[in-house]
Structure formats: structure tokens, C-alpha cells
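Student: I am new to this structure. Please show me how to read its contacts.

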Amino acid sequence: MRILSGIQPSGVMHVGNYLGAVKQWVTHQSADSLYCIVDLHALTLELDPSVLREQTIDTLATLVAAGLDPDVCTLFLQSRIAFHAQLNWLLECVATFGELSRMTQFKEKAERKGGYRVGLFTYPVLMAADILLYDTERVPVGDDQLQHLELTREIAERFNNRYGDTFTLPEGMLPPSGARVMDLQEPTHKMSKSVASPLGQITLLDDPRDIERKISRAVTDTDGEVRVDWENKPGVSNLLEIYAGFSDESPHDVARRYERYGELKHDLAELVISSLSPIAQRYRELRADPGALQSVLDAGSLKATHVAATTYQRAARAMGLYAPGA
Ligand code: AMP
Ligand code: TRP
């Protein structure tokens with residue numbers, strides 16, 4: 001089963017990224033899975049170039065520390081493979097302005113910022129190119145990416161109908177728990193790298209004391225009963241969801257074991273610390289050898305290029321371009 005997913009090198013990974021995406025990547029890694037650091041997507045964020053370079057290597061080190069094995073799966077950097085940008089253009093000539101205008105993530109980001117870059121608008125087309133280039137069947141992501149995936153399928157179907165059968169139609173893959181982790185301070189908002197609330201997000205590199213402090217201060221409610229109820233008790237429901245994501249249970253089963261918020265928070269902190277400490281430790285070891293990390297990217301890009309070239313050329317020929325090949 002061909003699996004592909006991507007993550008932006010846009011800052012330190014948090015438990016939302018981990019439970020929504022990366023933990024699934026690790027579980028499902030095989031010779032047929034590809035994981036991509038989408039540095040071209042991160043250019044929509046207006047990062048300082050030196051920051052982007054640092055964060056790219058940090059992201060790679062974190063992914064390997066979290067359990068992705070470059071000898072098993074393919075770990076690569078999007079910008080190293082020019083076919084992503086090339087297929088992006090072909091797909092921009094298939095996607096419509098109207099459908100891109102309907103993307104919630106774009107609407108939210110554009111609202112926050114006047115004078116946004118065109119790349120922010122066309123971002124989902126590049127994501128479609130990432131996915132379709134590799135004949136992807138499953139895309140493990142958090143729930144915020146489902147709309148982009150639906151668009152990818154629509155673009156692929158339209159292409160296939162117009163130009164002949166070219167692309168595989170991909171399907172999303174959500175984790176049973178943790179597909180949408182909320183901010184600990186504002187549990188009606190998604191936990192996000194871009195939101196400046198350090199108490200609201202737990203990163204994979206936080207030290208144990210910070211994790212404990214953030215969980216003990218997480219917003220709950222005054223009702224006092226431990227149960228899943230997203231509408232009336234988003235804070236407690238989120239803690240249960242995070243617990244379930246780490247322990248591979250259902251949030252309801254976790255809730256049944258607890259009477260008081262204090263106990264739940266105490267055990268959750270222990271669980272998160274014991275799950276994340278080895279990742280932070282391994283990250284520090286890996287980060288000390290940037291040369292080895294660069295080689296991972298070189299090897300990964302080499303592995304990914306072959307599939308990407310074949311699919312790109314198939315698509316280009318289908319549209320009437322003189323691409324090499326049959
Ligand atoms: P990004 O950091 O936007 O590149 O996201 C990388 C992956 O993490 C994507 O699959 C997202 O869907 C997932 N993700 C991001 N934030 C969350 C969250 N708060 N809860 C669950 N998954 C998330
Ligand atoms: N848009 C995704 C996000 O912000 C990142 C991404 C880019 C991606 N290309 C992808 C995810 C391809 C899955 C597959 O989270």
C-alpha cells in the first residue's frame with residue numbers, strides 16, 4: 001500500500017502533529033511509504049531564510065527521533081525534487097479559482113493577513129502534486145487536512161476524465177484518537193505551531209517539568225465530572241483525547257477510570273512524559289551530527305526521484321507536452 005504524507009518545517013512539532021500525523025507514519029512505515037518535509041509549502045509563511053534552514057534540519061531530526069527509520073521508509077525534502085513544482089503547474093491548469101477560494105484554511109489565513117502571497121492561495125494544488133506524483137493510496141494526516149485531500153481527489157478525477165487515466169485516487173487516513181488535538185488553554189481552537197500560546201501547546205522537545213506544568217494548568221471546567229463531552233467540556237474532552245492518542249485506547253474508556261480532574265492530569269502528564277522523553281533524548285543525539293542528517297536527505301531524494309519522474313512524465317504527455325518516454 002503506497003503511503004505518503006508531509007509536514008511543514010514551520011517550527012517545533014507539537015503533540016497535535018505527533019498524534020494526528022507522525023505517530024501513524026511510524027506505525028505504518030514500510031518500503032512503500034514516503035514522508036516529505038514540505039519546505040516549499042513553508043515559503044508561504046515568510047520565514048527568515050536562516051530560520052527555514054534550521055527548522056528543516058530540526059524537523060528531520062525530530063521525525064527520525066520519533067521513530068521514522070530512513071532505512072525502512074523514504075524520508076525526503078520536497079524542494080529537492082523539481083517534479084513537485086512542475087506537476088504543480090500542470091495541476092494549476094486543472095484546478096479552478098472557485099474551488100481554491102472555498103478552502104477553509106486559506107480563508108482563515110487570508111483573513112488574518114491582508115496582502116497574502118499567491119502561494120498561500122495555490123498551496124493545496126502543490127499538496128495535490130506531492131500526493132499524486134507518487135501514486136499514493138493512503139495519506140495519514142490530521143483532520144484539518146481532509147478538505148485539501150478531497151480537493152486532491154477532485155483534481156485527480158478531473159484530470160483522469162479529461163486526459164485519460166493517469167493518477168491514483170488517494171484516501172485520507174485519520175488516527176482513531178488525536179486527529180484533532182486542541183490548544184490546552186483555548187480548547188475550542190486547534191493546537192497550532194503558529195499560535196503564540198506557549199502554555200497551550202506541548203512540543204515533542206519540552207522538558208518534563210514544562211509538560212507537567214502545561215497539563216496541570218490546562219483549562220477544564222467547574223462541573224467536576226470526567227467524561228467526553230466536546231460541546232460542554234472541551235478542555236476535559238481534549239485531555240481524554242490526548243491520553244487516548246498516546247495509550248491507544250478510546251477516550252471513553254479512559255474517562256471511565258477517573259473520578260477527578262487532578263488524577264487524570266497527573267496520569268496524563270506521566271504518560272506524555274514517558275512517551276516523549278526518549279524522543280527528545282534521541283533528537284539531541286541526532287541533532288549533534290548534521291552531516292548524517294544531510295545524508296538521510298540525499299538518500300531519500302534519490303529514492304523518491306524515480307517514481308516522481310515517471311508519474312510527472314506520464315501526466316505531461318497526457319496533457320500534450322513533449323515529455324520523454326513512451
Ligand atoms: P503542519 O504542521 O501544518 O505541516 O501539519 C502536519 C500534520 O500534523 C498534518 O497532517 C496535520 O493535519 C497534523 N496536525 C496539525 N495540527 C494538528 C492538531 N492540532 N491535531 C491533530 N493533527 C494536527
Ligand atoms: N498541507 C499539509 C499541512 O499543512 C502539509 C502537506 C503538504 C501534506 N503536502 C502534503 C500532507 C502531502 C500530506 C500529503 O499539514
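Tutor: Start with a rule. A polar contact is a pair of N or O atoms within 3.5 Å; within protein, one must be able to donate a hydrogen and the other to accept it, and residues adjacent in sequence count only if both atoms are side-chain atoms. Here is a case: a polar side-chain atom of Tyr 123 sits 2.7 Å from an oxygen atom of ligand 2.

Student: What should I know about the model and its numbering?

Tutor: This is a predicted model, where local features need pLDDT of at least 70 and side-chain atom pairs count only at pLDDT 80 or more, while totals for chains, interfaces and linings use all residues. Residues are numbered from 1 along each chain as its sequence is written, chains are lettered from A and ligands numbered from 1 in the order in which they are written, and side-chain values use heavy atoms, leaving out hydrogens and water.

Student: Which residues are closest to ligand 2?

Tutor: A residue is near a molecule if one of its heavy atoms lies within 4 Å of it. By that rule 13 residues surround ligand 2, and the closest are Gln 8, Tyr 123, Met 127, Asp 130 and Gln 145. Two of these residues reach nitrogen atoms of the ligand: a polar side-chain atom of Asp 130 at 2.6 Å, and one of Gln 145 at 3.1 Å.

Student: How many residues are around ligand 1?

Tutor: There are 18, and Gly 142, Asp 144, Val 181, Met 191 and Lys 193 come nearest. The side chain of Asp 144 places an N or O atom 2.4 Å from an oxygen atom of ligand 1. Met 191 uses its backbone: an N or O atom there lies 2.9 Å from a nitrogen atom of ligand 1. Asn 17 has a polar side-chain atom 3.1 Å from an oxygen atom of ligand 1.

Student: How is the chain divided into domains?

Tutor: Domain bounds come from an automatic or database domain assignment. Domain 1 covers 3–175 + 289–319, and domain 2 covers 208–285. Their centres, taken over C-alpha atoms, are 30 Å apart.

Student: What area is buried between domain 1 and domain 2?

Tutor: Buried area is the accessible area (1.4 Å probe) that two parts lose on being put together, summed over both. Here it is about 840 Å², with 71% from carbon and sulfur atoms. In contact (heavy atoms within 4.5 Å) are 10 residues of domain 1 and 9 residues of domain 2.

Student: Which side chains form the salt bridge?

Tutor: Side chains of opposite charge can pair when their charged atoms come close. The rule asks for a side-chain nitrogen of Lys or Arg within 4 Å of a carboxyl oxygen of Asp or Glu. Between the domains the count is 1. Lys 23 and Asp 248 meet there, at 2.7 Å from N to O.
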